[in-house]
Amino acid sequence: MVNAQNNPLLGEFKTPHQTAPFNEIKNEHFIPAFLESIKQGEAEIDDIVNKTTVPTFENTVAALDNTGRLLNRTSGIFFNLMNSETNEELQNIAQEVSPILTKFQNDISLNPVLFAKVKTVYAQKEKLSLSAEQQTLLENTYSNFIRQGANLSDEQKDRFRQISTELSKLSLTFDEYVLKEINSYELHITEKSQLAGLPESSLEASAGLAKSKNKEGWLFNLKMPSYLPFMKYADNRELRREMFLAYGSKAFKGNEFDNQENVKKIAALRLEMAKLLGYKNYADYALERRMAMNSGGVYKLLDDLYEASFNKAKQEKTEVQDYAKRKGFEGEIMPWDWAYYTEKLKVEKFDLNDEMLKPYFELSKVADGVFGLATELYGITFKPDKSIQVYNEEVIPYEVFDADGKFLSVLYTDFHPRQGKQGGAWMNDFKGQWKENGVDSRPHITIVMNFTRPTETKPALLTFDELETLMHEFGHALHGMLANSTYSSLSGTNVYRDFVELPSQIMENWAIEKDFLDRFAVHYKTGEKIPAELVKKIVDSQNYLAGYLSNRQLSFGYLDMAWHSIEKPFEGDVKEFEENAWEKTRIFPVIPDVCMSTQFGHLFAGGYAAGYYSYKWAEVLDADAFSVFKEKGLFNKEVAQSFRKNILEKGGTEHPMILYKRFRGHEPTVDALLERSGLK
Ligand SMILES: [Zn+2]
C-alpha cells in the first residue's frame, strides 16, 4: 500500500541537491503523489484566500507564486519521464491525472475570492513602489486570471473548464498517436543490394537494430538517426518513396491512430475558448502575450521574409532539378528525392558531406567543447556527479558551478534514442529556480537528444546538424541554469514564446567558427584538429538551401496561423485546409497521402499554437545579437557578461524588448539575418 510515508515522491528528497530519487520512484507512486500534491496546493491557496488581513503584494501575489511547489516537483518528474522514458502505464497515468491537474489550475484561476484579492492589489499598483520584477509579476498574475476566465459568468466558467480539460486530454492523445505510428513502422530489408548508396554507419546501425530484434538483415524506422541517412543516401528510389510516405502519413491513415478529427477538435476548442474570453480568434488571444503583439506583427514578419525566401527556394529547386538531370534522372524531382539529390549536389558544390565531418565530432568531445564555451564566456564549470540518481543509465548528471565556485545548477544529459523517448531534442527542468526567505533555490535542468548511438566499432559521432542541435538545447539550458529571479513563474525560460529561442539559437552561431571548433573538433582516431579547409567548407555551405529552409519554416508559420485564425469551427477536409494555408510557399506538387497537421505536435500537443513563427522571429534576434560578438570578439567577456546579466539571468522579469534593448542598445532589425543567410 502506497501512503505518504513510503511514497518517495512525497516529503523531502534526501538526495544530493534534493534531486529526484529515481532509484526509488515506481509508476504506482505517481497517482497518490499527484493527489497529495494537489491537496497541499489547495491548502496553500486556502491560506491565501482565508487571510482576513488586507490583501497586499506579499500576502497575495508573491504568496501565490510560492504555491504548488510540491505539485511542480511531482509534475516535473512525471512529465519529463513521459517524454524521455515513457511506457503504456505512464501514458495511462497521464490520461488519468491530466483532468485533475486542469481542474486544480481552473480552481485557482476561477476562484472569485482569490481574484478579488488580486484585483485589489492590482488597483493600487501605482502606489506600491514595486520593483520591475514585482510589477511584472503583478501584471502577469492579474492578466493570467483574466485570460483563464476569472471575469466570466458562472455558466461561462463551467464551459471554460470543460474546454481546457478536453484540450489537455486531446493534446496527450495527439502525441500518443504520433508516437504509436512511429513505433509501428519498420522497413525490413534482407537483400543488401537494395541498400546501395548507404554509408557504412547507417548499414551498421540498421543491422544492429535488426539483430536487437532477432531479425536477419537490416531494419530502418521513422526515428531521425535511421530515417535521415536513408533518405539522403539510399539509391533505391522506390524505397525512399516508401519511407517518405510512411513518415509523412503518420496519424493520417484513417486507422485508429488518425489525428484528423483531433486537429479539428483542438482548433475548434481553442477558438471557442478565445471567443469566450472576448477575442475574435485564438491567435489574437495567444499573441497578446508575445513580443510580436498581434497577428499583424506575425504576418509582417512572415511576409517580410516571404518573397526573398520563396524566390530563392524556387531557384534552388531548379538547380537541384538540373543537377538530377545531369545525373541521369528523368522527370520532376519529388520530396523523396530532395534529401538524396541535395546531399549529392552539396558534395559536388562544397565537397562536403556528413560522413566527412562526423569523425571530428565525437559526442563526448563535443559535449566538452560546448560546456567549455560556457566556461569561457560565463566562467561556469561542470562536474559529473555519479551520486545523483538518474532514470536511465545512459543519462549523465552534472553539478554546475558559477565562476566564484557557488553551486549553480544540476544538469542532466540524455543523448540517444530509445523506445520510450519522443523524437527530436529538447531542454526541460525537473525543478525551477526561485528565491525565498533569502535562499536562492537552484534549478535542475535536463537536455534530451536523439543522437546517433555508438556502434560496436565506433564511438557516437555526430553530424554537423546534431552538433548544432546540442548547441541549441544547451543554450536553453544556460537560460535555465543561470536564472536569477526571485519569483519562480518569471524565472529562466519562463519568457514569451517568441523570445525563448534567442538564448538557444544564438549558440548555434559559434558552431561555424574555427576558433571555437579548434577546441574540441579533433579526429576520433588520429587526434588531428579539424582541417581549416573543412571548416571553410562548412561556412561556405551554411547558406546552402537557405531559401528552401526559410520558405519551409514560413510555410509552417502560415499553417499555424491559419489553424489559429479561424473564426468558426472548421468542418472540412484537414488536408485541403493545410494545402490552402501554405499554397503560396509550395514548391513541390501536392502529395495526397501525407499530412503535416496530423503529426505537428508543436501546434497541437505543444506550446507553439500561434507561435511557430517564433523560430523565425528568434533568428532575427539571434543574428542581430550575435553580430555584437562578431564585432567585439567571439569570446569577449564583456559582451558575454552583458548577455548574461541582461538576458540569461533575467528570465521573464521584464518585457523582452526592454531586456533586449538593454543588451543591444536598440531594437533588432532583419538586416543581420538576411545578410547571414545570403537572402539579401
Ligand atoms: Zn529551442
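I began with helix α17 (residues 464-481), in which H472 and H476 both lie, four residues apart, about one turn of the helix. Helices here are DSSP runs (H or I, at least four residues), numbered from the N terminus.

I noted that this is a predicted model, in which local features need pLDDT of at least 70, side-chain atom pairs count only at pLDDT 80 or more, and totals for chains, interfaces and linings use all residues. Residues are numbered from 1 along each chain as its sequence is written, and side-chain values use heavy atoms, with hydrogens and water left out.

I then checked accessibility, where buried means under 20% relative accessible area (1.4 Å probe, protein chains only). H472 counts as buried because its relative accessibility is 11%; H476 is buried at 7%.

**Second largest pocket**

I recorded 14 lining residues for the second largest pocket, of which L301, W617, V620, P668 and V670 lie nearest its centre. A pocket is an open set of points on a 1 Å grid over the protein atoms alone, where a 1.4 Å probe fits, with protein on both sides within 12 Å along at least five of seven lines; lining residues have an atom within 4 Å of a point. The largest share of this lining, four residues, comes from α13.

Note on methods
Helices (H or I, at least four residues) and strands (E, at least two) are DSSP runs, numbered from the N terminus. Buried means under 20% relative accessible area, exposed over 50%, partly exposed in between (1.4 Å probe, protein chains only).
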